[in-house]
Amino acid sequence: MVITIDGKKCEFTAGQTVYEVAKANGISIPVLCHHEQIKPVGACRVCVVEVEKARSLVASCAMPAEDGMVVHTSTPRVLSSRKLSVELLMTQGHHNCITCESSGDCVLQDLAYSLGIESPRFGEPETYRELEQANEMIVRDMNKCVLCGLCVRACNEVQVNQVLDYSGRGPTAAVGPAFGLTYENSDCVFCGECVRVCPVGALFEKQGRFQGRANDLEKVRTTCAYCGVGCQMDVNVKENRILKITTPREGAPAPNFGSLCIKGRFGYDFVSHEDRLTKPMIRVDGELKEATWDEAIAYVAEKLGSVKKKNGPDAVAGLSSARCTNEENYLFQKFLRAVIGTNNVDHCARL
Amino acid sequence: MAGLATAFGSGAMTNSITDLGESDCFLITGTNTTENHPVIATFIKRAVTHRGAKLILADPRNIELGKFATIWLRQKPGTDVAWINGMMNVIISEGLLNEKFVTERTENFEALKATVSKYTPEYVEKISGIPAGDLKKAARLYAKSGASAIVYAMGITQHINGTDNVKSLANLAMLTGQIGRPGTGVNPLRGQNNVQGACDMACLPGNLPAYKKVTEAADRKPFEDVWGVSLPDKVGFTIPKIIDAAASGAVKALYVMGENPMMSDPDVKHVEKALKNLDLLVVQDIFLTETGNLAHVVLPTAGWSEKEGTYTNTERRVQRIRKAVDAPGEARPDWEIITLLANRLGANWKYASAKDIFEEVRKVTVSYAGITYDRIEKEGIQWPCPNTEHPGTQILHSAAFTRGKGLFSVCEHIDPAELPDNEYPLLLTTGRILYQYHTATMSRRSKGLVSRTPQPFVEIHPDDAAKLGIAHGDKIEVSSRRGSIEVFAEVNGRCDKGVVFIPFHYSEAAVNRLTHTAIDPVANIPEYKVSAVKIRKVA
Ligand code: SF4
Ligand code: SF4
Ligand code: SF4
Ligand code: SF4
Ligand code: FES
């Protein structure tokens, strides 16, 4: 089956939306309340397109492609409707990009900029809502919320934690845990999925706040330090410091496809803890004293050598760690087997 | 993971994480998945809520996944062989077995049939406390679903008969042909991030990399060729035996890389005595651990975000870790330290990077041969991957088992080594919680995680608490024949009456002061899941 988008014939399979077909064919339609892992609801109307023979503009993210459809993605009618939608979203809240954590990585900011909205036609709301920042991990700034509902749907559909919901209507419309509870006092397990999918600066990580934003951060892809799921994540670094852990908003790889748990997303700060060991130590007169690497290696080598000589290689044993890399575990057992000459090597898998 | 290796020829997770999402029915046991493998739990929860997949939960505790369960079997701790045999009894007597699969792909079925014949649902109810009717329902659901997946973790293995528990699960999968296809399989979830890799790389006393045997000359030969030495042919000591040998003086020097046996081993007092008896204890770690405090030499290492390398996850996927920041002070990567030491002892190792080591791993490890740093730059690859054109393997045993035919094992129920009695009337079971990790050297130094679980606690049933005059939040002393610890009472209905649960992450209340050293004779895994304790309120 084929639809035509901006004059281009695009093949598609049943069930694909117009937005998906466009994307697969390199035609970009902006979206805000849409996410590839979440069922579309067509709430924000940022993704509208003109479909020939249809009376009104349609939300492309929720519209199934139909054979023979002819679609236009950037007619004046589309652009002016999109502009109006974005202006309304902007005026729903207080958007001060100057100090916003999401500046440089914000769907609303990008939309306003690309649509050339110098300042929205309508004024800002009078009420200003207090930020929720009591917990150590996630800050909620509902002044910047555009009510796209992605956090609610991610919590329910992706993580199936069933913590977030919608409440109120019109000017009192809001998202959050039931009964207006804070994250901390709700059943929230701080997986951070809501933070990941939030397209704006309404939900963000607390610890690195005011220390670096998208454009200052280098992302280093790595594997989680904790459990055996092996989630893929990006360590966000500025000047040799980890400011936060993120995952790609879309297009994230197996095995976790962008999801994490509290340990992966917020448990990274142990690496910079003041208790970190920084120098080798040797016990002298009952106490551990700092030593140079050369002294420490010489000491260990000498002792291992003499135990091996006097009591045989099997008087030496090694315990390795399921937290060390493959390379390190390989070398560790090679060391015990090939250099010391014993098979006394085990690790903590059984424990 | 000796049990699975016996049955299938490989101890690894048979299917994949993504693949779990395709399952029609889950049998989940001995894993509190939402807390210990939270992201895998999301695949299961989605399959249940969005696709209507069925979930059979067999767990003594009323864990979070219970909310998603079609059937919850609440077995008494330590009775797993009984209820699994019971399911097979139902399946055979109701003719729900997959005869074609049993005939073509397995051996020893008659022996299995004879053994499980006495485990009628009624007999099993007496042992396990699971109502006969529920067991029948569960058996039918598992056997009849298009694709059923078994998922388990330490709650199955940390028993005196843990190997039999695993073999029984393997029996169940083979009996019904629920293996070797998408959405099926027997899937152990590994606790720590690189348990699979540490096993693959042969930090095991009887194996060389890729599960070659140290006792076989033909297995040793390729390693002897590449490493240029002749290798020892006697199986070494497992952790519990290393500790015993240290205590007896047979082992004089112990090198510990990134591990904390003072916290993670059963019976901490025994471990302490053993470690103090050593002529040399070297501890290589990022923090000064409880074990480090007893060491003669402590070596500072680079942490997870400070070095290059690979981890292998629970689904056999080899993935990169990368250096993001510098290690503090003079700390250096573990591989560098071992290389320095080896060369000081006369070796001539020339590794200049983690990649150099991985290239050698590929050379000697068939299942890793096709994996290169370049190929896993963007996305990891699942072993076996024998050559660089091979895409990796998502599902094991699809055409044949690694060992050829699947082997049914005969397993009988045995009582746990220690059961409650008059003096110690409560059954203690241990485990992990969402907000902490293993011995907590990392997670207790993370602000966010600490903020969620500030105190060590014991979960206790409201009826037991009432009997002992204990209220939520009270300070409690928990004692066993081996020691006692102080924790705070968490009165809730998660444990059954007569059972208490304590997480093992806290050094000031190390639950392993209470557990005993009875171990599974095959896998050498300590029995953490069942010991007898008594509790009282601290005035
Ligand atoms: S949410 Fe986006 S638009 Fe609003 S202040 Fe932040 S960066 Fe600017
Ligand atoms: S952090 Fe996770 S559990 Fe908490 S509200 Fe967000 S998505 Fe839901
Ligand atoms: S908090 Fe973010 S994700 Fe949630 S509704 Fe508001 S803008 Fe959307
Ligand atoms: S993020 Fe959570 S589930 Fe994923 S690997 Fe880390 S600890 Fe495991
Ligand atoms: S993105 Fe389509 S309606 Fe919001």
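Here's a quick tour of a ligand site, some salt bridges and a few packing details in this predicted model.

Local features need pLDDT of at least 70 and side-chain atom pairs count only at pLDDT 80 or more, while totals for chains, interfaces and linings use all residues. Residues are numbered from 1 along each chain as its sequence is written, chains are lettered from A and ligands numbered from 1 in the order in which they are written, and side-chain values use heavy atoms, with hydrogens and water left out.

**Ligand 4**
- Chains A and B both put residues around ligand 4, so the site is shared between them; a residue counts as near if one of its heavy atoms lies within 4 Å.
- Chain A's part includes Cys224(A), Cys227(A), Cys231(A) and Cys261(A), and chain B brings Pro38(B) and Val39(B).
- Helix 6 (262–266) of chain A and helix 4 (38–51) of chain B each supply at least two residues of that shell; helices (H or I, at least four residues) and strands (E, at least two) are DSSP runs, numbered from the N terminus.

**Salt bridges**
- Over all chains there are 41 salt bridges, meaning a side-chain nitrogen of Lys or Arg within 4 Å of a carboxyl oxygen of Asp or Glu.
- Lys144(A) pairs with Asp141(A) at 2.7 Å, N to O, and both are buried. Buried is under 20% relative accessible area, exposed over 50%, partly exposed in between (1.4 Å probe, protein chains only).
- Arg317(B) and Glu315(B) also bridge, with their closest N and O atoms 2.8 Å apart. Arg317(B) is buried at 7% relative accessible area, and Glu315(B) is buried at 0%.
- Glu104(B) bridges to Lys100(B) at 3.7 Å, N to O. The two sit 4 residues apart in helix 6 (residues 99–105) of chain B, so about one helical turn separates them. Lys100(B) is exposed, at 56%.
- A salt-bridge network links Glu35(B), Arg61(B), Glu459(B) and Arg494(B).

**Packing and burial**
- Helix 17 (residues 334–344) of chain B has buried residues including Trp335(B), Ile338(B) and Leu341(B).
- The buried residues of helix 17 of chain B pack across to helix 7 (293–311) and helix 8 (326–340) of chain A, and also against elements of chain B, including helix 18 (354–364).
- Just after helix 17 of chain B, Gly346(B) has a positive phi of about 100°.
- Asp234(A) is in strand 11 (residues 232–238) of chain A and is buried, at 5% relative accessible area. Setting aside neighbours within four places in sequence, Asp234(A) has contacts (heavy atoms within 4.5 Å) that include Lys219(A), Arg221(A) and Lys244(A).
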